[in-house]
Amino acid sequence: MTDVEKRPSRAPVPSGWEYAPAPEARDIVHIDERYGLYVGGEWLEAKEHYTTISPSSEEPLAEIAQAGPEEVATAVAAAREAAENGWAEISPSERAKYLFRIARILQERSREFAVLESLNGGKPIRESRDVDLPLAAAHFFYYAGWADKLEYAFPNRRPRPVGVAGQIIPWNFPLLMLAWKIAPALAAGNTVVLKPAETTPLTALLFCDVVRQAELPSGVVNIVTGDGRTGAELVRSEVDKIAFTGSTEVGKAIQRELAGTGKRLTLELGGKAANIIFDDCALDQAIEGIVNGIYFNQGHVCCAGSRLLVQESIYEQAVAKLKRRLKTLRVGDPLDKNTDVGAINSKQQLEKIRELVEAGEAEGAEIYQPPCRLPENGYWFAPTVFTNVAQSYRIAQEEIFGPVLSVLTFRTPEEAIEKANNTPYGLSAGVWTEKGSRILWMAGRLRAGVIWANTYNRFDPSSPFGGYKESGFGREGGRHGLEPYLEFE
Ligand code: NAD
């Protein structure tokens with residue numbers, strides 16, 4: 001026996017795998033007590049304010065301006081002035097330089113942005129640090145590359161900017177949605193007035209500092225904060241185009257409002273995606289894909305894989321593995337680097353999730369939640385799986401926008417297609433199988449704008465994203481993402 005083998009002391013086998021708390025420091029972030037509106041490169045005082053909080057603790061963070069009709073009109077006028085007197089005339093390669101600059105500043109300040117995003121929105125720092133921030137910077141890098149190549153992107157079509165774009169975004173990916181909106185608009189030579197969601201305005205307001213640092217000409221980017229009333233004012237204002245990401249209900253109202261006005265419109269709305277698992281898939285990988293598909297960002301994801309379709313032959317095995325995996329998810333402080341599932345974004349959203357979960361139980365579905373201690377303050381919901389779900393149940397039809405998965409089964413690929421498409425939405429879908437031919441067969445039949453194969457929730461700025469049916473129209477990302485911001489001859 002060697003000395004090593006004889007050595008008696010062995011590291012004790014831990015009975016549990018508890019991690020020590022690993023909170024990210026907050027002191028990198030400076031939050032003002034009160035914010036105005038960023039208009040024409042300056043801070044404009046607003047008449048009305050409201051308080052934005054941290055959803056994980058309900059701690060008030062800052063006073064935020066509620067922009068009214070006059071303030072929205074001032075912001076649109078500033079954007080118009082910048083559009084007509086400068087930005088569109090700046091050479092495309094100069095425009096590209098500004099976008100590259102913004103991208104690099106976002107990279108440099110990414111920790112600050114990630115902490116603020118998690119603080120104001122409740123998402124785990126691991127996600128804001130490793131997903132939201134890198135993707136937001138990548139979007140600016142990507143569209144910077146297009147700014148001086150529009151003639152090549154759309155040959156013989158003489159692309160020119162639309163003018164002033166009004167942009168309205170939701171609270172689930174605040175900075176990333178801002179990047180999806182602002183980067184292509186600026187690359188195409190437009191100016192913008194952007195309204196962040198009322199619960200998550202802070203990273204958009206910090207972005208104003210990036211704009212200043214990048215020395216972007218004043219008025220090219222304007223940020224107005226406020227709730228739906230401010231959004232409605234922006235829709236009614238003298239903009240040339242509205243780009244909206246949010247709920248189907250509000251999207252429909254905007255479409256009605258804009259009908260006949262000649263203003264251009266793109267809508268990125270809700271979803272109820274099917275994540276389809278065939279019996280020949282790599283099941284352990286699929287389980288990771290299912291978890292990522294629905295518990296990423298607390299399920300506050302428009303393309304979340306909220307309906308799991310499992311082939312009957314592996315149903316029991318898949319559900320058992322999924323439940324076992326759920327027990328390892330860590331729910332808690334968004335600023336803790338070990339957290340997998342953070343806080344629900346708002347009280348209102350928590351109530352909506354609770355209502356739909358109660359409906360699921362009342363309709364007869366079987367609920368499973370792993371044992372987990374939820375913090376006392378703030379808004380929380382345990383990761384949830386429903387089995388025994390019928391297609392007619394509300395939890396199989398309506399977008400829950402929370403960490404709640406509905407499991408259904410199928411026998412044949414045809415049945416999977418039928419069930420997957422049986423929804424008013426058509427944003428995304430996932431297919432898990434080892435057969436490439438089956439993936440292509442499924443992809444040709446699924447009515448969804450984005451289809452992932454053997455993976456889920458993967459994003460890349462060069463890949464267009466958008467929906468069918470009640471998930472909206474228009475594409476963001478890729479060369480397609482430039483089109484809504486351009487006029488052609
Ligand atoms: P929401 O529609 O309530 O709000 C979205 C934005 O619209 C907010 O900024 C809000 O202030 C504003 N708004 C509200 N009423 C308005 C009105 N009458 N006129 C103009 N603007 C108005 O949606 P939400 O609850 O904040 O976001 C969640 C929804 O967004 C989900 O349905 C989700 O699927 C969808 N979403 C879609 C995508 C996508 O790319 N398809 C991405 C993220 C979120």
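## A buried asparagine in a loop

Let's begin with Asn-297, which sits in the loop that runs between helix 11 (283–295) and strand 12 (307–311). Please keep in mind that this is a predicted model. The relative accessible area of Asn-297 is 2%, and because buried means under 20%, this asparagine counts as buried. Its backbone deserves a look as well: the phi angle of Asn-297 is near 55°, a positive value in a residue other than glycine. As background, most residues other than glycine have a negative phi.

## Another asparagine with a positive phi

Asn-388 also has a phi near 55°, again positive in a residue that is not glycine. You will find Asn-388 in the loop that joins strand 14 (384–387) to helix 14 (394–397). Is Asn-388 buried or partly exposed? With a relative accessibility of 48%, Asn-388 is classed as partly exposed. The cut-off for exposed is over 50%, so a value of 48% leaves Asn-388 in the partly exposed class.

## The ligand and its shell

Now for the ligand. The space that it takes up is the largest pocket. A shell of 27 residues surrounds the ligand, and the closest of them are Ile-169, Glu-198, Ser-247, Leu-269 and Glu-399. Which element gives the most to the shell? Helix 9 does, with 3 residues.

A side-chain N or O atom of Ser-247 is 2.6 Å from an oxygen atom of the ligand, and a polar atom in the side chain of Glu-198 lies 2.7 Å from a ligand oxygen atom. With Ala-232, the backbone takes part: one of its N or O atoms is 3.4 Å from a nitrogen atom of the ligand. How much of the ligand does the protein bury? The ligand on its own exposes 840 Å², and the protein buries 87% of that area.

## Buried residues elsewhere

Asn-190 belongs to the loop between helix 7 (174–187) and strand 7 (191–195). At 1% relative accessibility, Asn-190 is buried, since the cut-off for that class is under 20%.

Val-221 is part of strand 8 (residues 221–223), and its relative accessible area of 2% makes it buried. Between Val-221 and Thr-455 there are 234 residues in sequence and 35 Å in space, taken from C-alpha to C-alpha. Leu-202 is in helix 8 (residues 202–213) and is likewise buried, at 2% relative accessibility. Leu-202 and Leu-234 are 32 residues apart in sequence, and their C-alpha atoms are 19 Å apart.

## An exposed histidine

His-30 brings us to the loop between helix 1 (3–6) and strand 1 (37–39). Is His-30 buried or exposed? Its relative accessible area is 58%, and because exposed means over 50%, His-30 is exposed.

His-30 has a polar contact to look for in the model: its side chain pairs with the side chain of Asp-32 at 2.8 Å. Where does Leu-116 lie relative to His-30? These two residues are 86 apart in sequence, and their C-alpha atoms are 8.9 Å apart in space.

Definitions and conventions:
Residues numbered from 1 in each chain as written. Predicted model: local features only at pLDDT ≥ 70, side-chain atom pairs only at ≥ 80, totals over all residues. Heavy atoms only, no water. Near = heavy atom within 4 Å. Polar contact = N/O pair within 3.5 Å; in protein donor to acceptor, adjacent residues only side chain to side chain. Areas by Shrake-Rupley, 256 points an atom, 1.4 Å probe, with all protein chains shown as cover. 1 Å grid on protein atoms, 1.4 Å probe; cavity = no way out; pocket = protein on both sides within 12 Å on 5 of 7 lines; lining within 4 Å. Sits in = over half its atoms within 2 Å of the grid points. Helix = DSSP H or I, 4+ residues; strand = E, 2+ residues; numbered from the N terminus. Buried < 20%, exposed > 50% of the residue type's maximum accessible area, 1.4 Å probe, protein only.
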